Each structure stands twice: as C-alpha cells, then as structure tokens.
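Try each task on your own before reading its solution.

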Amino acid sequence: MTRTQAEKRVAELRRALNRHNRLYYVEARPEITDHEYDALYKELRVIEEQFPGLVTPDSPTRRVGDEPLKEFRNVRHLVPMMSLDNTYDFDELREFDGRARKLLPGEPIEYVLEPKVDGVSISLRYENGAFTLGATRGDGTTGDDITANLRTIRSLPLSLALAPSPSPSPSPSPSPSPPPLLEVRGEAYLPVEGFKKLNAQREKDGEELFANPRNACAGSLKQLDSRIVAARPLSAVFYAVGACEGIEFAEQAEVLEALKAFGLPTPQFWRRCRDIEEVIAAAGELQKLEATLPYEIDGAVVKVNSLAQWKKLGTTAKAPRFAIAYKYSHEQARTKLKAITVQVGRTGTLTPVAELEPVFLAGSTISRATLHNEEEIRRKDIRVGDTVIIEKAGEVIPAVVAVVPEERPRGAKPFDLARHVAGKCPACGGPIRRDPEFVAWRCENIACPMQLKRTILHYASRRAMDIENLGEVLVNQLVDQGLVKDVADLYGLAAEPLAALERMAEKSAANVVEAVAASKGRELWRLINGLGILHVGEGAARKLAAQFRDLDALAAESVEGLQQARDVGPVMAESVHDFFRNPRNRSVIEKLRKAGVNFKTGPESEAPAAGGPLAGKTVVVTGTLKNYSREGIKDRLHEAGATVTDSVSKKTDYLVVGADAGSKLDKAKKLGVTILDEAALEKMLAG
Ligand code: AMP
Ligand code: ZN
C-alpha cells in the first residue's frame, strides 16, 4: 500500500467508524455488527501502525487513552460556566415566571424543560469540526484540561457530523461546513448500570467503593492516566453552547436540535412549553421517566426559549435569570448540623460524618448522616451550625443533600477537612495525605490504632489468613492495651496475657494462640490479601500470588515489572510498589518471616526445592512455549527450585524464550541475561 492509498483508506475508515460510533452510542440504531465494527477498527489500526505519520489526535483509535499526564493544564472558559438557582415546588416556578414577565413586559415567554443531569459539568471545544479541548467547570472561569480523558468517551464525537445522518425524524442540518469554533456544554456521567458494575468489581478487589455515580465519574475524570478512564464506561450528554462562531442561534430548542445534528448526545426527553403551566406538566412527565433514563437526574432545568430574551434578562453574579433548576424532593427532613466528625477506615480514609440534632425521617430517628467526602461538602457548601436538609432516597444511609442558606449562623466557616482535623489523623495524630483519585484524605500512619484494628481484623478474616477466634472485641483490647502494634505481633502473643483480658479465659486464650499459629502455613494469596495493600483485594492477591509466587519477588519488583504482570494496572502497580518501599511495612514483613509465616506459592506452599536443578535461579518466561502453558511452565520451574518473575532485570538469571517473544527478549540481550529456548531449558531441567 502506498502512502497515498493509505491516506485515502484511513480517511474512509475514520468516516465510517465515526458514523457507526454515532449510530451505536448516540442514536442507538447500529447498522453493522460489533464484529464488523471491530474489523474496520483493526484495519485502521494496522494502517496507522504502518504509517504513523497519518495518526491524528481525533482518530477513533485514540480512544484507548494515552500516557499519563503529570498534571492538568488550566483552561479559561470562553464564556463562564454558571450555576443555577434552585426551586423546590411549582409555586416557586410560577414565581420565577412572574419575575421574568416583569422584566419582559408584554412579551410572551416560551420555555424549554430539560432533565437536570446529575453528572460532572464539562465544556468541549471543536475547531473546524475537530474536538480540540475539553475542560471541567472548575471555578466557573477556569477549569482543568481533561481532553485526554474525554477523548476516551465513546459517545462523544471526535469530529462533528456535517450532514446529519438521516434519522426517522430528520433534524435540520446545522451548516454545510463545520463552524470554525464551537464550545458546547454538558454533563459527563457514569451510567447507573456501569456504576453498579464498577462498584461490584471494586468490592471484589477489596477497593474502596464510590459513593454514587457522580462521584465515580468525577473521580474518573480526575485521573491523570487516561488509560484508566478508557476502561470506565463513561458517557456524556449536551445541552448548551458556550461560544460559537459561524452560527447564530435564536432559540434553546434550536440549540438542542443542532447539537444532536452535530452528532452530540442530547437529552432523550425535553419539551418546548408555551407557558409555565406547560412547564409544570412537563416536569411531572419527566419525573415519571426518571427510572428509564441512563443517568441520574436531580430534577429539571427550565430555560427561557428565546435567546434574545436571555440577553434582556441577563444574569446575576452567580446564576442566569433566564433559567432555573426545579429539584425533585425525596423524603426529606430539616435539622441542625451540630458537628462534623471524621472517621478512619481500614485503608486510612478519613470520612466526614454529620452529627445531627435528632430528627424523624421515613420511619426512624436520624442523628447521623453521611457527608461522603470533602468535595461533596464543598460542593453543597455545608457548614457546621447550618440547618440542613437530609434525605433518604432509596438508600439505607441518610445523606445531607443541601443547606438552608438563610438560616446559616453568622461566622460559619466553609468546611476544610485538613483544618478541621488540624492536619492530623483524628485517631492517631499521624500525618494525612490527599488521594485525589478517591476524592479522599487518608491517614498515612500504618500504625494508626483505628486503621490497625481494621487491618488486624482484615488480616484475620476468612478471605485472608482465616484466624478463628480473633474477633472485634478481642482485637480492640489487643490494640488498646498495646499488646499488638502490627499484624506480626499476633505471632508473639502468649496464652497468659491473653487469658488476663476481659471475656477471655485459659481455654479461649489457648485457642487463639493455636489459631494464630495455624495461620503461618496459609497460601501466599491469603497473606498478600491480608496485608491490606491499597487497591489489592482478594482477586488481585490471587493473581499476584500466582504470578510472582514469592512475597520477596513481589516486594522486589519495579513498578514497570509489576505492570507487566497480568491484570495489574498502573494504579495497583504503584500501590504495591509503594507498600513494599515503606520501611514500616518492610519491618512488619521481616517480623512475619521470623515468625515463620509462609511467603511462597507452591504445590505444597513450600520453599522452592533447594536441591533442584534451578535452585536459587531467577527465571523469566516470554513468548509461547510448545509443551507448556503459562501456568504450567511456572509450576515446572518452581518445582525445579527457580523463582519466576515477570520482568527481566539485572537479577534475572535466565530468560526462557518461546515463539513470538517480545520486548523482554531485547531487554535480556541488552542486559546480557542467558537466553534459553525450550530445548535448552528441558536439558537443564533434566539436570
Ligand atoms: P448547580 O450546580 O446546582 O448550581 O446547577 C448548575 C449545573 O447543573 C450546571 O453547571 C450544569 O452542570 C448542571 N446541569 C445539568 N443538567 C443541565 C441542563 N439541562 N441545563 C443546564 N445545566 C445543567
Ligand atoms: Zn491515623
């Protein structure tokens, strides 16, 4: 294929892929099968690999994410992104209409009602039809440049549709050529289904759960590594134009239609209303549809339809006068926020909790409610002393949803978690650190008593070291009395001091000692899970144990090496690496070793055969072998006494090479590592 031919084919493929992508994600009426789509995609990727000069940032192949960024650049919005005033009942909506009429005497006012999507506000810039820049709302004037992350969202077109694809109800063509500049606004969201799946997976992996789809979406978009974002099924919906050159819009309804014609996803439900009573009827209609929408909504947005009237109505400092949010009310109650306490979880997460003046809500008396995290508190501007609205919206745990600003006591200060806890963990006084991925603060002290209690309970749990008789009451006493300062101290417990503890007797103390001792021989994955490494739950622990087969090999691995292991992403790799670099954790591990805790995976959970032909050798395998599966060869090498790791380093003794070996072979050659083919390996194994 010549370059000219490639250029032509690449353009065709991109056009086709963009079109099918839109038909699938935006219009929900695909014309080709997934298989056919994949074939087109693959063809494009192959040509782009062959002619790297033809790769453009808006190519459909770029949706998989890119190298991680160091930080986000700031973006100044061409037009500020404003918030909206809220109303909670129909009378307040009528008042809004009344105010607008006063400002527009004698003019009829039409409205558009749209869902208020509970996502994360984003602004996208298209230049000559190509997606060039995407940003968060930030403070309304300046946001973060999250272009790389947004590019991974499949429903978001990388280039605008010119002539809209014919659809059952034909939309007007926006223009024969794309506008030189178009800044559109909308919400990124994680579909409710995707959120459930994501949290289910995280629960399995022992990772912290996201509070709600909005938080999960916000956390995802804050990732510096767009490859992680690419793996989350985010979507987006658009409802406004910020800045535009080349098109004059006269109405909001027209804007929504044009956005759709450009191939951007727009709300499935919206209504043009001739007066406020029609708005009220439409709001009821929307609420009935709530459960069928792919995103969560927290109400409706009512906008004056005529953009000429927008100009006349203008804005206040904070919000426009031509639009208002109508928020749905769930079962709610008002009460006073007496204090905010901060609790410490096993992974050290500091979770703010609202301490409330007790109030009756949906069948029970509530005195505490979750505040999720600092960001949620800031977003809702919740302050100690405020009168707050709490809600039980299907969830078991009540949440603070809003404050009543008029009832704020004078001098109430914005909540600042770090200041609130004086920069220290409330349980142990240790240092705290911000973890942007989870929108959380964490206690960094692994000896934190609160964390320690949870760490020990986790270590002893069924899915970890499975130590019977080590329950919460006992663990609390062990930690509070200073008998146990880390999990390794469990192995030093004697029956006598144990028997002296409350609710313990000689017999029960002896049982505990016995159960602890029995845990020394547990499988490696249980130990890895039990250590409570952030982002490593049972599933991940099993995979790590199967691949590294030795805690020391795992501990010694580089981030790069870890990332080469199966199913280990960059976040987990970093976390595992950091864990084993922490001097405190290392000392715990040394204590566990001395206590005789098993560190190896093996058919018999024993050390590699000391007398085997490969005793003491570190071996890496690459490529496909004829006579062994990946797991099979590892078992075989292990039996022969070798330690098997997944990445080549100076410590590697042998690289076993099968068919289609990749970069490991190059690296081994560079480092002068001995390379063995399968036949040579068999000879060595035979002694
Ligand atoms: P608030 O943050 O509560 O003041 O509400 C304003 C925000 O609602 C905007 O910044 C948007 O991010 C969001 N929003 C959600 N759906 C819409 C919509 N249909 N029209 C305008 N804003 C919306
Ligand atoms: Zn602490």
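**Exercise 1. The overall picture**

Task: How many helices and strands are there in the protein chain, and what percentage of its residues count as buried?

Solution: This is a predicted model, so let us begin with its secondary structure. The protein chain holds 25 helices and 22 strands. Next comes the extent: the C-alpha trace spans about 95 × 75 × 35 Å along its principal axes. Finally, burial: 49% of the 687 residues count as buried.

**Exercise 2. The shell around ligand 1**

Task: Find out which strands each supply at least two residues of the shell around ligand 1, and how the residues of that shell divide into nonpolar, polar and charged.

Solution: Start with the residues. There are 14 around ligand 1, and those that come nearest are S83, E114, S121, R137 and E187.

Now assign them to elements. Two strands, β3 (111-117) and β10 (297-304), each supply at least two residues of the shell. The largest share, four residues, comes from β3.

The shell has six nonpolar residues, two polar ones and six charged ones.

**Exercise 3. The zinc ion**

Task: Identify the residues that coordinate the zinc ion (ligand 2), and explain why their arrangement counts as tetrahedral.

Solution: First, list the donors. The SG atoms of C425, C428, C443 and C448 coordinate the zinc ion at 2.2 to 2.4 Å. Along the chain, these donors follow the spacing C-x2-C-x14-C-x4-C.

Second, check the angles. Four donors count as tetrahedral if all angles lie between 85 and 135 degrees. The four donor atoms here subtend angles of 101 to 120°, so the arrangement is tetrahedral.

Third, consider burial, for which the cut-off is under 20% relative accessible area. C443 has a relative accessible area of 5% and is therefore buried. C448 is buried as well, because its value is 0%.

**Exercise 4. The surroundings of D145**

Task: Where is D145 found, is D145 buried or exposed, and which side chains do polar contacts join to that of D145?

Solution: Locate the residue first: D145 is found in the loop between β6 (142-144) and α4 (147-150). Its relative accessibility is 12%, so D145 counts as buried. Now look for partners. A polar contact of 2.7 Å joins the side chain of D145 to that of R73. Another polar contact, of 2.4 Å, joins the side chains of D145 and T147.

**Exercise 5. Positive phi in two loops**

Task: For D466 and D660, state what phi is, then find the loop of each residue.

Solution: D466 is found in the loop between α13 and α14, and it is partly exposed because its relative accessible area is 25%.

Turn to D660, also a residue other than glycine, with a positive phi near 55°. D660 is found in the loop between β21 (654-657) and α24 (663-671). At 74% relative accessibility, D660 counts as exposed, because exposed means over 50%.

**Exercise 6. Separation in sequence and in space**

Task: How many Å separate the C-alpha atoms of G471 and E538, and those of E31 and L544?

Solution: G471 lies in the loop between α13 (449-460) and α14 (472-480). G471 and E538 are 67 residues apart along the chain, and their C-alpha atoms are separated by 20 Å.

E31 lies in the loop between α1 (3-26) and α2 (34-50). E31 and L544 are 513 residues apart in sequence and, C-alpha to C-alpha, 42 Å apart in space.

How values were computed: Residues are numbered from 1 along each chain as its sequence is written. Chains are lettered from A and ligands numbered from 1 in the order in which they are written. This is a predicted model: local features need pLDDT of at least 70, side-chain atom pairs count only at pLDDT 80 or more; totals for chains, interfaces and linings use all residues. Side-chain values use heavy atoms; hydrogens and water are left out. A residue is near a molecule or strand if one of its heavy atoms lies within 4 Å of it. Ala, Val, Leu, Ile, Met, Phe, Trp, Tyr, Cys and Pro count as nonpolar, Asp, Glu, Lys and Arg as charged, and the others, Gly among them, as polar. Donors are N, O and S atoms within 2.8 Å of the metal (3.2 Å for Na, K and Ca); water is not among the atoms, so sites may look incomplete. Four donors count as tetrahedral if all angles lie between 85 and 135 degrees; four count as square planar and six as octahedral if opposite donors are over 155 degrees apart and all others between 65 and 115; anything else is irregular. Buried means under 20% relative accessible area, exposed over 50%, partly exposed in between (1.4 Å probe, protein chains only). A polar contact is a pair of N or O atoms within 3.5 Å; within protein, one must be able to donate a hydrogen and the other to accept it, and residues adjacent in sequence count only if both atoms are side-chain atoms.
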